[in-house]
Amino acid sequence: MVYKIRRVHIDEWGNIVQPAKRTSTYITPVRLNVGGLYFLQKNRLYRVEREM
């Protein structure tokens, strides 16, 4: 599966703040939910933008 992902940060109230300007491509054999938040790399939170 190929996904477009964007790095995000969460504030102390659970709101998404400072989304990255650029998206990147992420390839994985696991199915991810579009709009879901995942730690895809160590200590880095990403939101799945769309499935390609």
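Visitor: Which residue in the turn of the hairpin formed by strand 1 and strand 2 has a positive phi of about 90 degrees?
Guide: Strands here are DSSP runs of E, at least two residues long, just as helices are runs of H or I of at least four, and both are numbered from the N terminus. This is a predicted model in which local features need pLDDT of at least 70 and side-chain atom pairs count only at pLDDT 80 or more, while totals for chains, interfaces and linings use all residues. Residues are numbered from 1 along each chain as its sequence is written, and side-chain values use heavy atoms, with hydrogens and water left out. Five residues lie between strand 1 and strand 2, and the one in the turn with that phi is G14.

Visitor: How many bridges pair strand 1 with strand 2?
Guide: Two strands count as paired if DSSP finds at least two bridges between them. H9 has V17 as its bridge partner in strand 2. Strand 2 covers residues 16–17, and its antiparallel pairing with strand 1 comprises two bridges.

Visitor: In strand 5, which residue stands opposite I5?
Guide: Strand 1 (residues 2–10) is joined to strand 5 (residues 44–51) by six bridges in an antiparallel arrangement. I5 also has a bridge partner in strand 3, namely S24, whereas in strand 5 the residue opposite I5 is V48.

Visitor: Which residue takes a positive phi near 60 degrees in the hairpin of strand 4 and strand 5?
Guide: Strand 4 (residues 37–41) runs antiparallel to strand 5, with four bridges joining them, and Y38 is partnered by Y46 in strand 5. Two residues lie between these strands, and the residue with that phi is N43.
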